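Here are my notes for a colleague who is about to go through this model.

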Protein chains: 2
Amino acid sequence: MFESAEIGHAVDKATYDAEVPVLREALLQAQYRLREQARFPMLILINGIEGAGKGETVKLLNEWMDPRLITVESFEVPSDEELSRPPAWRYWRRMPPKGHTGIFFGDWYSKMLEDRVHGRIDKAELELAIARAQRLERMLCDEGTLIFKFWFHLSKAQMKARLDSLKDDPLHSWRISPLDWQQSKTYDKFVRYGEQVLRRSSRDFAPWYVIEGVDERYRSLAVGRLLLEGLQAALAAAEQPVNGISHPHSAPLALDLDRLTLLGSLDLSQKLDKDSYQLQLAEEQARLSRLLRDRRIRKRGVLALFEGHDAAGKGSAIRRVTGALDPRLYRTVQIAAPSEDERAQPWLWRFWRNVPERGKFTIFDRSWYGRVLVERVEGFCTPDEWLRAYSEINDFEEQLVDAGVVLVKFWLSIDQDTQLQRFKEREETPFKRFKITEEDWRNREKWDAYAGAVADMVDRTSTEIAPWTLVEANDKRFARVKVLRTLNEALGAAIAR
Amino acid sequence: MFESAEIGHAVDKATYDAEVPVLREALLQAQYRLREQARFPMLILINGIEGAGKGETVKLLNEWMDPRLITVESFEVPSDEELSRPPAWRYWRRMPPKGHTGIFFGDWYSKMLEDRVHGRIDKAELELAIARAQRLERMLCDEGTLIFKFWFHLSKAQMKARLDSLKDDPLHSWRISPLDWQQSKTYDKFVRYGEQVLRRSSRDFAPWYVIEGVDERYRSLAVGRLLLEGLQAALAAAEQPVNGISHPHSAPLALDLDRLTLLGSLDLSQKLDKDSYQLQLAEEQARLSRLLRDRRIRKRGVLALFEGHDAAGKGSAIRRVTGALDPRLYRTVQIAAPSEDERAQPWLWRFWRNVPERGKFTIFDRSWYGRVLVERVEGFCTPDEWLRAYSEINDFEEQLVDAGVVLVKFWLSIDQDTQLQRFKEREETPFKRFKITEEDWRNREKWDAYAGAVADMVDRTSTEIAPWTLVEANDKRFARVKVLRTLNEALGAAIAR
């Protein structure tokens, strides 16, 4: 969930100085249009890691925009007035009216996270609190409110560094976080429960935006641009309302601000020489065979899915996984275009029908992620459909994991040069020619669109219970061994648990 | 929640015989249109009290409609195949495809209710199961599925009689319910938890329809008509899809089949003579004053709201409630048209801002129910808005009750003759003339529309935690004493708890 926000996003001063005046002007204009239309309010929820720039960003937004149209509300210790009413009253009384913007600091999410981190509520109570928040947001949304939920993120190391630097800064020392943030245990819990909250509550009508907080210029530009694009889309939609107001939230989930992308951050130069490869491959294959026969694994079941760039070597990696296995031990499911029967059902149906029974090892060659990759990029489904698919996928995978399945997800990544070279090879090798089609060349032209879709996919669906593994696959040997080793580690961890 | 389904609905044979051929023909046609369009599937969930005619109704639907386009699925003991996969798999594998109808017997609701009744899951786990079901249904709906949820109801006495009669019928004895249904404790639990499930999971996109099951002709016609109207509306909507398929579910929630309505079932001839009235009024007023000073009540707070027909005597009933109270003890909130500030907010906002603090006694003269009464009938809000208002109201009231508030809701009911007489009196009495306007006369013309809206309101929002009290108000003295007595009983019960 936080992968894209731990890769060191940064924006240089020149770019920043050039972008800010344009962004401010556009934000102001959007804000005035919002006031004139007065069709809906905008609500911005600020959450995330201590020290990740939440306060600074809000301060900046107030400078950039017209502060008379913004109310910043902070919900810390509830007043007597508030304590003597239902908990939601304190939020209701500060809701921004149509045409205005409310920024909520320490909202319902902070409350439930803190309660959970400090053990004041248990797992089920957290789930109930999330469900309550969902009902509130759904209702606000149905009533027209445009909701943005920001999670400001820092890796643990970044947080520690930032808290230290704040401590020495007299201007900022009043903002030093509560003592418990200094403990890394708090960070771990906060991030673990935070991920659970984000997974459940990131819905198409009110998605979470995760912002890497380490670079001030980056996070400021990122928040500003997301708000601008989301607000502009909502203003346009409100002018042609279809059956009430609906906010598409079709602004890009990941922003291309600094050309630093999740996939771009991979070190694709990693290699294995032939001898090490042979040795490690044999070793991992033997280990896999052993692990799959383990009684504790056979009671649970394993599902490994493979996605990746065209020609990234999915097929050959899968063959190395199955290479040393008794064919009765596994099944491979190839996902291609849906059949007529499948098109007559909800989109997830064709995956549900292939859900393995307990104890089986199933390999998906492509998967349900086609919805948010090829179907999104090629326009085979509507933005509304792929936007809600993230939460539908998370729900689906949660059910798999709850049923005991060990779920391992691989994205095999190569760069454009490597792909070009492999495409050419395929065309030149007679027995490989069937593997390359016009479509592959067309997809290549959409490289950047696919990269964005992959980053969104990983950000929205890489969860503690079902993490993505990004595999550097320019070197096929390196990729195959990494796949096998990751799979084995997941099985080992499942046994140990 | 089950009020309208315990009043002895029945359809006579002549009406039934006349209606059925027309209904069957229309159902068949709708079914064929569904198949031809093949835009969406229809899913019918069957739940409710044992012996209320669930099986018979499904059998009949299969006779009335084309059974080749219907699949009846029953989910009793899960198979080995099913047990070795996530619990939802058994539902997914039997989902009806587009153009078809699936009838699910013993679906996810039966499962969670049985688990709760038999103590296999606790309160929080039931909430989580409901939230899971909501996500599944929301997803199915987003994917186009038209969902009907039927709850077949019997009062406890009706159930006992029915089970007894089945026992003696050799043709039906195989259908005798499990032993535990013979115990009235099971009935009580089932109805209590059932109400909780319905309250939470009756949403605009997949509402519950409660059907009184005692009269076979009534329940058959009711189900047939609801399906027909809902399906026809959905077919029409699917032909002009706006941004995907959406199912309005704007079929009337309550059916006017036998002219027997909830309000019509009230005995409006109840009266109090002047002496008894004086005596009882004084007694109840004294009791109220005492109860409101009770420490346990002052810790909680009380909210009484009044709705009713025009000229039903809300104002004078409220004056009898407040008559004997210290003015510092209570506050009256008059609800009229929303102000400009209020129109700039979600519709519930103007009620949230008036939520009393703990320990206060607040009286609402009209309330949030305007949304599903006048606003619905007069078209001041869209069907989408008033349909979702029921669950928004239930959410809102649940928060009040969770915060300790004792919530008492009154509908003051009179008949048309009494209203006419009071209107005329008002016109003739100079100091009362201000109370009667053109609008009152106009509302009177919509008497039946209002009666339908009231029945729906009571069915959807009278819950264990916040029940409606219907007050027979043709005789003002009777009404006033009933109001006071009900209020006192609610306070007494709250203290005892």
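**Notes on the interfaces and backbone**

1. Across the interface of chain A and chain B, 24 residue pairs are found in polar contact, both residues being at pLDDT 80 or more; a polar contact is a pair of N or O atoms within 3.5 Å, where within protein one must be able to donate a hydrogen and the other to accept it, and residues adjacent in sequence count only if both atoms are side-chain atoms. The elements that give two or more residues to the side of chain A that touches chain B are α3 (80-83), α4 (89-92), α6 (123-142), α14 (349-352) and α16 (383-402) of chain A, and α6(A) gives the most, with eight residues. Helices (H or I, at least four residues) and strands (E, at least two) are DSSP runs, numbered from the N terminus. By class, this side of chain A has 23 nonpolar, three polar and 19 charged residues, where Ala, Val, Leu, Ile, Met, Phe, Trp, Tyr, Cys and Pro count as nonpolar, Asp, Glu, Lys and Arg as charged, and the others, Gly among them, as polar.

2. On the basis of the values: this is a predicted model, in which local features need pLDDT of at least 70 and side-chain atom pairs count only at pLDDT 80 or more, while totals for chains, interfaces and linings use all residues. Residues are numbered from 1 along each chain as its sequence is written, chains are lettered from A and ligands numbered from 1 in the order in which they are written, and side-chain values use heavy atoms, with hydrogens and water left out.

3. The contact between the chains (heavy atoms within 4.5 Å) takes 45 residues from chain A and 45 residues from chain B. The area buried between them is about 4,300 Å², of which carbon and sulfur atoms give 56%; buried area is the accessible area (1.4 Å probe) that two parts lose on being put together, summed over both. In chain A, Trp92(A), Arg135(A) and Trp352(A) lose the most area to chain B, together 15% of what that side buries.

4. Between chain A and chain B the count is eight salt bridges, a salt bridge being a side-chain nitrogen of Lys or Arg within 4 Å of a carboxyl oxygen of Asp or Glu. Arg135(A) forms a salt bridge with Asp395(B), with the closest N and O atoms 3.2 Å apart.

5. Within chain A, an automatic or database domain assignment gives domain 1 (3-256) and domain 2 (264-496), whose C-alpha centres lie 33 Å apart. The contact between these domains takes 19 residues from domain 1 and 20 residues from domain 2, and the area buried between them is about 1,700 Å², of which carbon and sulfur atoms give 46%. Four salt bridges are counted between the two domains.

6. Two residues deserve a look at the backbone. Ala38(A), found in the loop between α1 (13-37) and β1 (42-48) of chain A, has a positive phi of about 50° although it is not a glycine, and Ala38(A) is partly exposed, with a relative accessible area of 36%. Partly exposed lies between buried (under 20% relative accessible area) and exposed (over 50%), with a 1.4 Å probe and protein chains only. Arg366(B), in the loop between β8 (361-365) and α15 (374-377) of chain B, likewise has a positive phi, of about 70°, and is partly exposed at 30% relative accessible area.
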